[in-house]
Structure formats: structure tokens, C-alpha cells
Amino acid sequence: MRAALMRIGAIVHKEFRHLGRDPRMLLAVVITPVIQLLLFAYAISFDVENVPTIVIDLDQTPSSRTYVEKYDASPFFDVVAHGTSLADVDTAFDANTARVAVVIPPGFARTLAAGEQAQVAVLVDGSEPTAAKVSQAYSVALNQLYSQQLTRQWADQQGLDLSGLGTLQPQIRTWYNPERRSSDFLIPGLMVVILAIVTVQQTAVTLVKERDQGTQEQLEVSPMRRIELMVGKLLPWTLIAFLDMALITGLGRTIFGVPLRGNFWTLALGSALFVFASLGMGLLVSAVAPSLDTANILAMLIAFLPSFLLSGFAFALDQIPTVLQWISYAFPARYMITISRGVFLKGAGFAELWPELASLAAYALVMIVVSSVLYGRRSSR
């Protein structure tokens with residue numbers, strides 16, 4: 001046992017010496033994830049506010065100007081221009097200077113004064129679906145509030161007392177993320193995506209590199225067993241992955257103020273299982289990839305795209321096609337993002353997240369066993 005540990009330690013020492021000789025590699029595996037977190041966290045945002053808006057007031061009356069003031073006073077809309085014709089809408093949308101256009105037709109004030117229903121056109125640029133949906137919802141709400149204001153004014157003019165009418169006042173409360181900050185939603189998921197990329201890619205590359213350089217045969221004819229070689233090669237990347245997770249967690253807590261409401265040890269266990277599952281995926285790539293370039297491409301395909309698109313990181317899984325929902329079960333990021341967001345935002349612990357933890361443990365075990373068998377068969381050829 002002692003001899004095996006010494007042989008594994010020698011491989012680990014060799015790997016860290018290689019990293020020390022190549023500062024660029026050390027930068028890529030330690031500093032780059034931190035840079036990626038900062039860039040993604042600041043660049044990606046689902047917060048929609050200050051939407052540039054152009055107003056076309058074809059009525060030019062006190063009533064129409066009062067209506068326009070509702071958009072000026074709203075923190076969501078930012079009135080950046082006032083046009084004189086519908087052609088100005090096309091110009092603003094084509095130049096991307098406005099995302100919403102409000103068109104007030106002639107006779108707006110006259111229709112309101114006659115007690116009839118006035119119509120206003122709200123045109124939304126649909127090239128950005130998220131902003132379009134939110135803009136439409138805000139515009140509908142703003143018009144409803146303005147309609148209620150007109151109703152109260154009409155009742156006052158008629159001498160009617162509406163205070164006795166029953167009203168509905170919804171009390172809306174957002175759980176887990178009351179300020180609805182994108183960073184609180186994104187960073188727990190970004191941790192998983194970045195960790196998957198670093199772990200899978202580097203694991204796949206480091207084993208294929210030994211084969212390309214011709215040093216794998218020398219290691220295999222040495223007294224070292226194949227399992228010792230694999231453990232020695234993977235252990236440094238396991239430690240680096242844990243370091244990356246600690247750095248990203250610390251940055252998320254200190255710089256972005258992401259809360260950590262749940263059980264820390266649940267997050268630690270989930271992270272460890274996710275790292276082992278990712279190592280298994282990297283080992284699988286190294287077993288089937290014929291060259292270093294192929295290993296890089298395969299690692300990115302199975303690490304980045306599924307972690308970003310099929311994990312619930314950017315899109316809710318119940319909103320994607322059913323076929324893709326089933327495919328998402330084949331990637332560990334799906335389970336880890338549930339664990340990460342559950343611990344950080346919902347205050348979850350072992351009692352709530354044990355199904356995901358069990359799934360990750362089973363996934364890691366199966367992936368490491370399968371990839372080890374395939375790697376062993378390839379080495380024996």
C-alpha cells in the first residue's frame with residue numbers, strides 16, 4: 001500500500017512540476033475560471049430596464065401629452081426620441097436606437113372626451129424576445145393604470161362615489177431572490193458551467209498528451225499499475241477543481257453578494273461528486289479521442305454546450321422540448337445546478353437535495369468505471 005501511494009505521489013509531483021514549468025497552463029486552469037466568472041456575471045443579465053422608447057404623438061393635445069408623461073415617469077421605459085410619423089418607427093428600430101414605439105393616433109383626446117374607448121399602438125421590437133415580452137407586459141400594466149385613472153376622473157366629474165366599490169389588491173412577493181437580481185440567479189449556475197469546462201477538458205487533454213508524446217508506453221512498462229497511473233494523473237486536476245470552486249464561491253459571495261443560505265457541506269459534497277463525474281467524462285474522452293485536437297473538441301462539446309443549454313442554467317428545463325429534457329439527464333450539470341441554486345438561494349440541505357446527490361454519485365461511479373475500462377482496453381492494444 002505504501003509503495004502504491006509513493007508511486008501515485010510521484011505522478012502527482014510530476015504533474016505539478018509540468019504545471020510549474022508552463023505558467024500559461026497554470027493561468028488557464030486557475031485564473032481563467034475567475035476571469036470567466038467576472039465576464040459572464042457582468043455581461044449576462046436578464047434584468048430588463050430603461051428600454052429605449054420612441055413616442056409618435058399624432059394628436060398633440062394636453063391629454064396625449066399627459067399619457068406620454070406616464071412613459072417618461074416609468075423607470076422601465078426610457079423615452080429617447082419623439083417622432084412625427086410612422087416612418088420614424090422603422091428608422092429607430094432599424095438603427096437599434098429604440099426597442100419600443102408608442103403611437104398616439106389623431107383624435108385621441110376627442111375620443112376620451114366623448115367617453116369612448118381610445119386606442120394606442122404599442123410596437124415592440126421582437127428581435128430580443130426577453131425584452132419584447134417584458135416590454136409588452138409593462139406596457140399593458142401602464143395602460144391599465146392609466147385607464148383606471150381615467151375612470152376615477154370620469155366618476156369625479158359625474159359626482160359618483162367609487163369608494164364603496166370592492167377592489168382587488170394583489171400582494172406579490174418574490175421568494176429566494178426578492179430583488180430579482182440576475183447575478184443571484186446566474187452565478188450559482190456559472191460555477192457549474194466553468195467547473196465542467198476546466199475539469200473535463202484538462203482531464204481529457206492530459207491523458208491524450210501522454211499518448212501523443214510517446215511517454216505513455218514508458219509509464220505502462222514501469223512497475224506502476226494502470227489504476228495508480230490514472231489516479232496520479234487525475235488527482236492534481238481534482239485538487240485544482242476544488243481550488244477553482246473555492247475561488248468562484250468566494251468571489252460570488254464577496255464581489256456580487258450572492259447569499260449562501262443553505263448547508264455548506266451539502267454544497268461541498270455535491271461539488272466533490274460533480275468533480276468526480278466530470279473527471280469520468282474527461283477520462284472517457286481521453287479513451288476514445290485519437291488525437292489532442294479531437295480531445296479538445298470533444299471535451300468542449302460535452303462540457304460547455306450541455307452545461308450551458310441542457311442544465312437549467314439559462315433556460316428552464318420544463319420550457320425546452322421533451323426530447324431535450326430526457327437528454328439532459330445524461331449530463332451531470334443538470335443535477336449540480338439544482339444543488340448549487342438550492343443551497344445558495346433556497347437554503348436547502350441534505351433533506352431536500354438527496355435525490356440530486358444520489359444521482360450525481362451514481363453518475364460519477366458509472367462514468368469512472370466505464371471510462372476506466374475503455375481506457376484500459378485502449379492502453380492494452
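Student: Which residues lie nearest the centre of the largest pocket?
Tutor: This is a predicted model, in which local features need pLDDT of at least 70 and side-chain atom pairs count only at pLDDT 80 or more, while totals for chains, interfaces and linings use all residues. Residues are numbered from 1 along each chain as its sequence is written, and side-chain values use heavy atoms, with hydrogens and water left out. A pocket is an open set of points on a 1 Å grid over the protein atoms alone, with protein on both sides within 12 Å along at least five of seven lines, whereas a cavity is a set where a 1.4 Å probe fits but cannot get out, and lining residues have an atom within 4 Å of a point. The largest pocket is lined by 27 residues, and those nearest its centre are Phe185, Gly312, Phe315, Ala316 and Arg341.

Student: Which element gives the largest share of the lining of that pocket?
Tutor: The pocket has a volume of about 720 Å³, a volume being the space filled by probe spheres set on grid points that are joined across faces, edges and corners. Two or more lining residues come from each of helix 7 (182–213), helix 13 (333–344) and helix 14 (350–379), where helices (H or I, at least four residues) and strands (E, at least two) are DSSP runs numbered from the N terminus. The largest share, six residues, comes from helix 13.

Student: How many residues of the lining of the largest pocket are charged?
Tutor: Ala, Val, Leu, Ile, Met, Phe, Trp, Tyr, Cys and Pro count as nonpolar, Asp, Glu, Lys and Arg as charged, and the others, Gly among them, as polar. By this division the lining of the largest pocket holds 13 nonpolar and seven polar residues, and its charged residues number seven.

Student: Which element gives the most to the lining of the largest cavity?
Tutor: The whole structure holds one cavity of 30 Å³ or more, and about 50 Å³ of space lies in the largest cavity. Its lining includes Ala196, Phe274, Ser278 and Phe331, and the lining residues divide into eight nonpolar, two polar and no charged. With three residues, the element that gives the most is helix 10.

Student: Why do the buried residues of helix 3 line one face of the helix?
Tutor: In helix 3, the buried residues are Ser64, Tyr67, Val68 and Tyr71. Pro62 and Ala73, on the other side of the helix, are exposed. The buried residues line one face because, seen down the axis of helix 3, they fall within an arc of 100°.

Student: How far apart in space are arginine 181 and valine 258?
Tutor: Arginine 181 is found in the loop between helix 6 (129–157) and helix 7, and at 28% relative accessibility it counts as partly exposed. The two residues are 77 residues apart in sequence, and their distance in space, C-alpha to C-alpha, is 9.5 Å.

Key. Buried means under 20% relative accessible area, exposed over 50%, partly exposed in between (1.4 Å probe, protein chains only). The arc is that of the directions from the helix axis to the C-beta atoms.
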